[in-house]
Amino acid sequence: MNILKTFEIFLREPLSVLKESFVQIVNISSPYIENSSVTASLMDNKTQITVVNSDKMYNLLKTVQNKKMKRAARALQLQPTNHRKVVFGQLTMHS
């Protein structure tokens, strides 16, 4: 299976299935398997992408996954709030 066929499979599936489920990326390197391939298995709450004999494709997918996780972690970080208040008016009894 070539890479274009793999993208066609992804485009047929709703993107929410891939975005909302756990994605596991597996790399298999074996001299006994002649062809390189990428397959995707969609289960209830898990999507497994299996890359066979293609380290470049595996590294690309892992890089994209790591960037997405970093972006999500940054979005979850709370922004520091500024709790400074002007207390001069409170000290002098003026509002």
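**View 1. The loop between β1 and β2 holds isoleucine 33.** The model is predicted; local features need pLDDT of at least 70, side-chain atom pairs count only at pLDDT 80 or more, and totals for chains, interfaces and linings use all residues. Numbering starts from 1 along each chain as its sequence is written, and side-chain values use heavy atoms, with hydrogens and water left out. Isoleucine 33 has a relative accessible area of 38%, so it is partly exposed (buried is under 20%, exposed over 50%, partly exposed in between; 1.4 Å probe, protein chains only). Ile28, Tyr32 and Ile33 make up a nonpolar surface patch. Patch members have over 30% relative accessible area and no salt bridge; like charges are joined within 9 Å, nonpolar side chains (Val, Leu, Ile, Met, Phe, Trp, Tyr) within 5 Å. A salt bridge puts a side-chain nitrogen of Lys or Arg within 4 Å of a carboxyl oxygen of Asp or Glu.

**View 2. Strand β3 pairs with both β1 and β2.** Strand β3 spans residues 46–52, and six of its seven residues are buried. Strands (E, at least two residues) and helices (H or I, at least four) are DSSP runs, numbered from the N terminus. Strand β1 (residues 22–28) runs parallel to β3, joined by seven bridges. Two strands pair if DSSP finds at least two bridges between them. Valine 26 has threonine 50 as its bridge partner in β3. In a regular strand, side chains alternate between the two faces of the sheet.

**View 3. β2 and β3 form a hairpin.** Three residues lie between the two strands. Strand β2 covers residues 37–42 and pairs with β3 in the antiparallel sense, over six bridges. Serine 37 stands opposite valine 52 of β3. Alanine 40 has isoleucine 49 as its bridge partner in β3.

**View 4. Valine 38 sits in strand β2.** Valine 38 is buried because its relative accessible area is 9%. Methionine 57 is 19 residues from valine 38 in sequence. The C-alpha to C-alpha distance between valine 38 and methionine 57 is 8.4 Å.

View 5. The glutamine 65 side chain reaches the backbone oxygen of valine 23 at 3.0 Å. Contact means heavy atoms within 4.5 Å.

**View 6. Four helices and three strands build the protein.** From the N terminus on, the order is α-α-β-β-β-α-α. Of the 95 residues, 18% are buried. Among contacts with a separation of 6 or more, 53% join residues 24 or more positions apart. The accessible surface comes to about 8400 Å², and carbon and sulfur atoms hold 59% of it.

Notes
A polar contact is a pair of N or O atoms within 3.5 Å; within protein, one must be able to donate a hydrogen and the other to accept it, and residues adjacent in sequence count only if both atoms are side-chain atoms. Accessible areas come from the Shrake-Rupley method with a 1.4 Å probe; for residues, only the protein chains shown count as cover.
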